[in-house]
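Keep the viewer open while you read.

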Amino acid sequence: MQEVNPKETTRAYAFEMWMKAPMPMVALIKTLDVTRLRHICRKRGLKFNMLMCWCIGKAASQVKEFYLLPVGDKLIKYDSIAVNTIVANLRREVSSCDIPFSDDLPRFNKDYLHLTCHVAESCENHDIADSMVIGTSALAQYDIDGAVGMYSGVFNNPFMIWGAYRRHWFKTRLTVSFQFHHTQMDGAHAARFLGLLQKEINKL
């Protein structure tokens, strides 16, 4: 990770316009077809949330804007991406777990299982400081139509939220909310990411 001069990036105008905005976050909501994910979960015994996180990282890695993030009053360029998941721990509370993204699904699955298990047992967060982290929160036990994250003024990371998937005949659908800082990307970049996410799910 390294600080970059915003004027030397494609985000120069966005940096000038949105860095000091009182509410610089934008949220898009999309319904995904996750039939393929459910099929693979049942066939291979893999966790649905792990597959979602891997597909999110896979899609994000194809959009260069994900590697730039406003941090404080600076623009930071990262060489790698991680995906965060919220873990229920032994104290019946929640902890945060960053998983480094790997293009290799078996490796990502191994890291996911190891790190989430460690976080659950230790009740301590696992943070990766030198990667651009995409936050996620899966409210898988609840049937919701959508959710929008909050802007704390501290964390500018992109963030995804989803609830329970819905089954109808032969299709399974999942509504996701994707929140991002306007300095990092525009609506078109976010929409392209969501389209790539659907493609990665379909070809998994």
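Two strands count as paired if DSSP finds at least two bridges between them. Keep in mind that this is a predicted model.

**Strand β7 and its neighbours**

With that in hand, look at strand β5 (residues 81-88) and β7: 3 bridges join them, and the two run parallel. Within this pairing, Ile81 stands opposite Met132 in β7. β7 also pairs with β8, again in parallel fashion, through 4 bridges. There, Ser137 sits opposite Ile161 in β8. How many of the 7 residues of β7 are buried? The count is 6, so β7 is largely enclosed by the rest of the structure.

**The three-stranded sheet**

Now move to the open sheet made of 3 strands, which come in the order β1-β4-β3 with antiparallel pairing. β1 and β3 (68-71) are the edge strands with a single partner each, so each has one side left without a neighbour in the sheet. On average, neighbouring strands here are turned by 45 degrees against each other, direction ignored. Between β1 and strand β4 (residues 74-77) there are 3 bridges, and these strands run antiparallel.

Two packed helices are described by the angle between their axes and the distance between the axes. For α3 and α4, the angle is about 125 degrees and the axes are 10 Å apart. Angles from 65 to 115 degrees count as roughly perpendicular and those over 145 as roughly antiparallel, so α3 is oblique to α4. The crossing of α3 past α4 is right-handed. Which residues make the contact? From α3 they are Asn49, Met50, Leu51, Cys53 and Trp54, and from α4 they are Leu105, Phe108, Asn109 and Tyr112.

**Salt bridges**

Searching the whole structure turns up 8 salt bridges.

| Asp186 | Arg11 | 2.9 Å |

Start with the side chains of Asp186 and Arg11, which meet in a salt bridge. Asp186 is in the loop between β10 (171-181) and α5 (187-203), while Arg11 is in the loop between β1 (2-4) and α1 (12-18), so the pair ties together parts that are 175 residues apart in sequence. Is Arg11 buried or exposed? Arg11 is buried, at a relative accessible area of 3%, whereas Asp186 counts as partly exposed at 27%.

Lys58 has a relative accessible area of 17% and is buried, since the cut-off for buried is under 20%.

Asp143 lies in the loop between β7 (132-138) and β8 (159-162) and Arg166 in strand β9 (residues 166-168), 23 residues apart. Asp143 is exposed at 57% relative accessible area, and Arg166 is partly exposed at 35%. Shared partners join Asp143, Asp145 and Arg166 into one salt-bridge network.

Key: Residues numbered from 1 in each chain as written. Predicted model: local features only at pLDDT ≥ 70, side-chain atom pairs only at ≥ 80, totals over all residues. Heavy atoms only, no water. Salt bridge = Lys/Arg side-chain N within 4 Å of Asp/Glu carboxyl O. Buried < 20%, exposed > 50% of the residue type's maximum accessible area, 1.4 Å probe, protein only. Axes fitted to C-alpha atoms, helices over the stretch in contact; angles between N-to-C directions. Parallel < 35°, antiparallel > 145°, perpendicular 65-115°, else oblique. Left-handed = near helix turned anticlockwise from the far one by under 90°. Contact = heavy atoms within 4.5 Å.
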